[in-house]
Amino acid sequence: MTSTRESGEGPLLGPQADQDDRGWSDDKQLLPELVAHLREHRSQLQKEWSGRITQAHLLTSMTPQEIHSETTSVYDNYVEVLETGSVEALRHYARDLSERIIPRGVETHEVVGIVLLLRDVLARSLFQKYADDFTLLDHVLDAYEPAANRIANTVAVSFVDERERVIRQQQDAIRELSTPVLQVRERLLILPIIGVLDTERARQLTEQLLAGIRTHRAKVVVIDTTGVPDVDESVANHLVQTVDASRLMGASVIITGLSSKIAQTLVTIGVDLGKMNTIGDLQGGIEEAERQLGFQVIRRDDAASAPSG
Amino acid sequence: MSAARPVAPPAGAPAPAELLEIRTIVRRVIASRVRDSHMVDDLVQETLAKVLTAWGRIDPDTAIPYAIATARNVVASTWRHLDTTERNLHRVVDLLPADRPEDAVLDREEGDAVATALTHLPDRDRALLVAHDVEGRELAELARESSTSPGALAAQLKRTRARLRVEYLLAMDHREPPTPQCRPVLLALSGGDRRRQRELDVSGHLLACPYCADLGRPLSQRASDGTSTRIAVGADADVVLARQTGRDVAISLGFSATDGTVIATAISEVTRNIVKFAGTGEVRIGRLQEPARCGLLVVARDAGPGISDVDLALRDGHSTYGGLGLGLPGCRRLMDEFVVESESGRGTTVTMRKWRSTGGPGGR
Amino acid sequence: MLVSILRQGDYLLASINAALDDSEMRRFQEALVERIGDERCRGVIIDVAALDVLDSYAAATLGSLADMARLRGAETVVVGVSPEIAFTMVQLGMSIPHVHTALDLEQGLQVLGRLTSPLPPPRP
């Protein structure tokens, strides 16, 4: 017994596949005929489709030439998927479509819109062709509709997936950019934190710093919080944990640039500031780090503002 | 595809053309939802029958929307029915015909076991089971005869089936249960009755009684979702096994190396508590799948003395064996969800969940 | 071999080579404290890089090991704590108060050299 579940909704590709194959096999003679019809009237149907797209004000971010070449390829692939019914081909087609059109700023409703329009245009053409034979039309639609629905579905799901993937990638990139772990000297890392810290970011920052300590074999880390406007209690706790965790790996931490607001938060939540090595500004922090590492900082009178090392 | 047989129209029926139109639409609605062409035929007919029955009551103008709505309802109720059937499928009795000679022997043996099991049921339960499952009579009808509610009968049926599973396994095994505890324990396991299982100290009994542990496996498998790993805990080394299993599962679910260590550490803490306070117990590690997120579930159970004051045990620095006193409160910080259920003298269950943080590589 | 203890000069180098369970951890502690006394060494380096987790029991054991070592005249440095374990330990709320830490063996030896110099600095 097979359990038949929703076929109109959801990306249930796996279980649907073999059922579809069975469903389609009943219409073995029909489908090739249908596909042949769609191939034969390709240019006319495609033109009609393009017209409908323009009418509906979809794909406005693309030029007419672009629309033409995209619709050609989409049309051919669509018919091919209809013909083979292969899930693999369908997935590939959907992924390919999303990858090509997302960078052009196409919105989800547009993609779904054009695929539904194509479905509609083709259905109308089938209606016309088989209008005389009612039973045959019935069968043709039986074969066509589930397949067309499935294509629309898979395209929509795949498009949203692809967009989410792009967004995730960008988020990751932004996160990495926002917390660079810099080696300024042998065994000395600087972690300038800029912007608002939330728990998730604080956690990532800790993980990155710890990995950096191992990679660079760091002994001293300067965490500069000048660019942090404010922290809440849980983020302050994260900061303390970062210091403790670095210490467990054998690196000592110097915190610089604590604003009075953050200092207040730290005191309020009862952080033992005696345990934290804090220094007013980044410059002082780097000097202290160099001292700890055994570098001697010599200050020349004529260059008092810049430490040399 | 076989054409649907014409349905005899009752009085006040629609014109054939109208009916044909409705039939086409209904067929399309159903065919877009259901794959199996035979089932499509059946459902189309069922829908049309319903529409025709209601014909006198509906406005001819709304006939088509009515037919579409009916078709959807018919499909939905079919799915519901299939789901229920699947859920209540007999796990033990195999009704498929046997092919090979040895299958016939096995069949006979199974048949005998079922017969033996049936004789162990109380008469009333057996009568109900036979009436419903063998003769195929509706619960509602049976309820009317015995002037009870179908709900009560369904509950009775569920109990009876649980009982039958146990009796069947006992009959197949040809051994007498070693202790008087065994039968009630297996029964509680088969019925999936958590409260009763706690009352009977099922987990403790399963750890102590190899007979029940063996026989109870198919019963507890029935209750589990089949995606969890169980580790029996009885010694220090099992703590290591449990946490390493936990890490492996976590990594396979796409957790980061850090989260893997976090999870392994939490498992280490709760498993150690089992060894320290209860001696034996079990840890189950499984995956959690929700539409929007994926995670890991850890359930650590023992039948030991229990924790008399859970709140106190969850306080930092409270240690009963000279540790850092960070075990349970620390776990709470490590995991996203953390629940301790304990009853003095009855054992402890710790349930922990960790969700995979977003932003990681999206697995599909 | 789960654990190896080697002598190098005034120091003992102990490395844990696999995940240890509680009783193995306890035996390791006993063996190491015994060696410290017998060999009159001044420092111990414990390499925990191969440990899969450092939970509250392991941390408590290392902590008391360091305390006992100090009573017998030796300082303890733990090396090889991985980023994952460091992160987990602080999440758990653990610290090993009287234990020094260093990234690896080389830096551990430097720390010990500083700690056990002719005039050892007073403990912070």
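**Contacts, sheet and helix**

Analyst: Chain B contacts chain C through 24 residues, which meet 19 residues of chain C. The model is predicted: local features need pLDDT of at least 70, side-chain atom pairs count only at pLDDT 80 or more, and totals for chains, interfaces and linings use all residues. Residues are numbered from 1 along each chain as its sequence is written, while chains are lettered from A and ligands numbered from 1 in the order in which they are written.

User: What makes two residues count as in contact?

Analyst: Their C-beta atoms, placed from the backbone, must lie within 7 Å. By that test 24 residues of chain B touch 19 of chain C. Two or more residues each come from α12 (236–252), α13 (257–278) and α15 (327–334) of chain B; helices are DSSP runs of H or I with at least four residues, strands are runs of E with at least two, and both are numbered from the N terminus. α13(B) gives the largest share, 9 residues.

User: Which residues of chain A and chain C does their contact take, by number?

Analyst: The contact takes 14 residues from chain A and 13 from chain C. On chain A, α8 (199–216) and α9 (233–248) are the elements that give two or more residues.

User: Why are β1 and β5 of chain C called edge strands?

Analyst: Strands pair if DSSP finds at least two bridges between them. The open sheet has 5 strands in the order β1-β2-β3-β4-β5 of chain C, with mixed pairing. β1 (3–8) and β5 (100–102) of chain C each have a single partner strand, so one side of each lacks a neighbour in the sheet.

User: How do you know that β2 and β3 of chain C pair?

Analyst: β2 (residues 11–16) and β3 (residues 43–47) of chain C are joined by 5 bridges and run parallel. The requirement is at least two bridges, so the pair qualifies. One of the bridges has S15(C) partnered with D47(C) in β3(C).

User: What makes a residue of α12(B) buried?

Analyst: A residue is buried if 20 or more other C-beta atoms lie within 10 Å of its own, exposed if 12 or fewer, and partly exposed in between, with C-beta atoms placed from the backbone. Buried residues of α12(B) include D238(B), V239(B), R243(B) and A250(B). Their cover includes α13 of chain B and α1 of chain C.
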